[in-house]
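Please consider the structure shown below. The paragraphs that follow lead through the surroundings of its ligands and then through several individual residues.

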Amino acid sequence: MAPKFVRDKHIQYIQSLDKKQDELEYWLSEHLRMNGVYWGLTALDLMGARDALPRDKMIEYVKSCQHANGGFGANPGHDEHILYTLSAIQILFIQGAMDEVDADLVAKYVCSLQNPQNGAVRGDLYADSEDTRFVYIAFQILALLDRLPQFDVDKAVEYIDSCKNYDGGYGMVPGAESHAGQIFVCVAALAIADRLDLVDRDLLSWWLCERQVPSGGLNGRPEKLPDVCYSWWVLSALAVLQRLDWIDGDRLREFILEAQDDELGGIADRKGDAVDVFHTLFGIAGLSLLGYEDLEPVDPIYCLPARVTKDLKYRRR
Ligand code: GRG
Ligand code: ZN
């Protein structure tokens, strides 16, 4: 029999993360703090417990991480990066606090990261590395700010299409191996741009459902170990492609529930490993996509509670 979903323990686990300031782990994860708040808040919201963390303090914290150019860092005094800017905007969006930022300034920052030659996007102003993740992030930030038309969407879509492989999947840059994480960002970006016609639906859905291994878990590419976070990267793409029933949901559910810490809460990458807030969110979001545990529905394109994204214009499937 599958273990029980320990909702109250997961809520307590996420609340406890803010109180661990005397532990080394807290300071070692300082560079991920903004992402961590988004992962924790979204997981809480999907469990119907958004108020378990203090709203006003969270909004003040997010604002204290913003730079004059509009971008956000992971913590006050940390350099801005598009990864943290997305989490910051997602947090404000969930909290219904978008009026706390200057949307035009943030949009200008995001648009300044696009390469006009090939449509790709870099992560910050200081490095040249381009990655399909950053195109998706730019699309999502601009969609949440209702500023997508300020971006060269067509050129960015061309870049994503140039990262498509013969197996129907997508890699990080043109010619790179297909990976479920990159497939999520490319499929979700194409959904935001209303260009899912570019996806080879059946071929890609086959590749995605072949990620399920005998334990019931999903891996991110052939011959790799299963990991709870692929319950998001793989399933969300299948959900957008409307092929969720191509995997065995009951066996995946069991794999996720076995990776819970049923005493202290939280979910690990797989059974027996240490829990973290990243895998806690993606395990819960996967269960939500599968319709289990009486969770709030999650939006497979935005990885936000569907309740807050329902009125967004950019969400074609
Ligand atoms: C809003 C949900 C959301 C995301 C923002 C950052 C981002 C956009 C997306 C990340 C997509 C991605 C590349 C996910 C994969 C993460 C991961 C588990 C990487 C591990 O890669 P390997 O090669 O692991 O170390 P494997 O499993 O292949 O051994
Ligand atoms: Zn993982």
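A polar side-chain atom of Tyr230 lies 2.7 Å from an oxygen atom of ligand 1, which is a polar contact (a pair of N or O atoms within 3.5 Å; within protein, one must be able to donate a hydrogen and the other to accept it, and residues adjacent in sequence count only if both atoms are side-chain atoms). For Arg221, the distance from a polar side-chain atom to an oxygen atom of ligand 1 is 2.6 Å. In the side chain of His179, an N or O atom is found 3.4 Å from an oxygen atom of ligand 1. The protein buries 73% of the 750 Å² that ligand 1 exposes when taken alone, areas that come from the Shrake-Rupley method with a 1.4 Å probe.

This is a predicted model, in which local features need pLDDT of at least 70 and side-chain atom pairs count only at pLDDT 80 or more, while totals for chains, interfaces and linings use all residues. Residues are numbered from 1 along each chain as its sequence is written, chains are lettered from A and ligands numbered from 1 in the order in which they are written, and side-chain values use heavy atoms, with hydrogens and water left out.

Around ligand 1 there are 19 residues, each with a heavy atom within 4 Å of it. The shell divides into 12 nonpolar, four polar and three charged residues; Ala, Val, Leu, Ile, Met, Phe, Trp, Tyr, Cys and Pro count as nonpolar, Asp, Glu, Lys and Arg as charged, and the others, Gly among them, as polar.

Gln242, a residue other than glycine, has a positive phi near 60°, and Gln242 is exposed, with a relative accessible area of 52%. Cys303, also other than glycine, has a positive phi near 50°, but Cys303 is buried, with a relative accessible area of 3%.

How values were computed
Buried means under 20% relative accessible area, exposed over 50%, partly exposed in between (1.4 Å probe, protein chains only).
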